[in-house]
Amino acid sequence: MKCPTCGAWTSVKQTTNSPTFGHMRRRECANEHRFTTKEVAIPQEEIDEERRKHLANNKKRLESIRESRPKSVRKSKARVY
Ligand SMILES: [Zn+2]
């Protein structure tokens with residue numbers, strides 16, 4: 001994950017299991033900013049909602065690409081003489 005201070009990629013320095021926070025990771029970025037993250041389970045409903053939004057976005061993007069395609073690209077029927 002990226003550093004919340006400067007946006008650089010981080011590496012995990014230490015992983016611990018705390019009774020209060022669960023799985024915790026001590027991270028450090030290339031600029032030596034340090035912070036801690038914790039791992040939490042995501043409810044399935046939130047994952048489904050995210051997937052639905054992603055698919056709707058993709059559909060919109062594909063439709064806008066189709067509409068912007070010039071007519072000359074479309075195939076016309078070949079004539080036989
Ligand atoms: Zn940083």
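**The sheet and its hairpins**

Guide: A hairpin of three residues links β1 to β2; strands here are DSSP runs of E with at least two residues, numbered from the N terminus, as helices are from runs of H or I of at least four residues. The model is predicted: local features require pLDDT of at least 70 and side-chain atom pairs count only at pLDDT 80 or more, whereas totals for chains, interfaces and linings use all residues. Residue numbers start from 1 along each chain as its sequence is written.

β1 and β2 are antiparallel and share eight bridges; two strands count as paired if DSSP finds at least two bridges between them. Within this pairing, T10 has C29 in β2 as its bridge partner.

Strand β2, residues 22-29, is also joined to β3, again in the antiparallel sense, by five bridges. Here R26 lies opposite T36 of β3. The hairpin of β2 and β3 has four residues between the strands, and E32 in this hairpin adopts a positive phi near 65°.

Taken together, the three strands make an open antiparallel sheet in the order β1-β2-β3. β1 (10-18) and β3 (34-38) are the edge strands, each with a single partner, so one side of each has no neighbour in the sheet. On average, neighbouring strands of this sheet are turned by 25° against each other, direction ignored; the axes are lines fitted to C-alpha atoms, for helices over the stretch in contact, and angles between N-to-C directions run from 0 to 180 degrees.
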